[in-house]
Amino acid sequence: MALFEAQTSADDGRAVVSLTGECDLTVRDELAAVLLAAVDSAPVTVVDLAQLRFIDSSGVHGLVKGHHAAQRKGRRLHVVNAAGTVAQVLEMTGVGRLLAPPLNGTGPAS
């Protein structure tokens, strides 16, 4: 299995980016390119972290960069299914809360 993989698909009018493996400085540019393309392709981008085992500050920065790009376009980017150390990093940095899907049933987690 590759150390990092990002796959994008369309689901119910939104872009879903599934990240697998380890997200660190070595894949920073790939992550940014994938997220920016997803943000350009749909009003809502959902980043599924279920298969992500590791994320460092470069990965967190990429997620925030994607979020800012979405905001500039009047769009949204959310992360879902973070677990283990990935969830801990997102919680410690506040990015988990920043990128959490809405709880009102209209977001990607519904």
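Asp-56 lies in the loop between strand 3 (44–55) and helix 2 (57–72); helices (H or I, at least four residues) and strands (E, at least two) are DSSP runs, numbered from the N terminus. The model is predicted: local features need pLDDT of at least 70, side-chain atom pairs count only at pLDDT 80 or more, and totals for chains, interfaces and linings use all residues. Residues are numbered from 1 along each chain as its sequence is written, and side-chain values use heavy atoms, with hydrogens and water left out.

**Exercise 1.** Determine how Thr-93 is placed.

*Solution.* 
- Step 1: Thr-93 belongs to helix 3 (residues 84–93).
- Step 2: Thr-93 counts as partly exposed because its relative accessibility is 45%.
- Step 3: Its C-alpha atom is separated by 8.4 Å from that of Val-60, 33 residues apart along the chain.
- Step 4: The side chain of Thr-93 reaches the backbone nitrogen of Val-95 at 3.4 Å.

**Exercise 2.** State the confidence of the chain in terms of pLDDT.

*Solution.* 
- Step 1: pLDDT is the predictor's confidence in each residue, from 0 to 100.
- Step 2: The chain averages 93, and 92% of the residues score at least 70.
- Step 3: Over residues 106–110, pLDDT stays under 50.

Note on methods: Contact = heavy atoms within 4.5 Å. Buried < 20%, exposed > 50% of the residue type's maximum accessible area, 1.4 Å probe, protein only. Polar contact = N/O pair within 3.5 Å; in protein donor to acceptor, adjacent residues only side chain to side chain.
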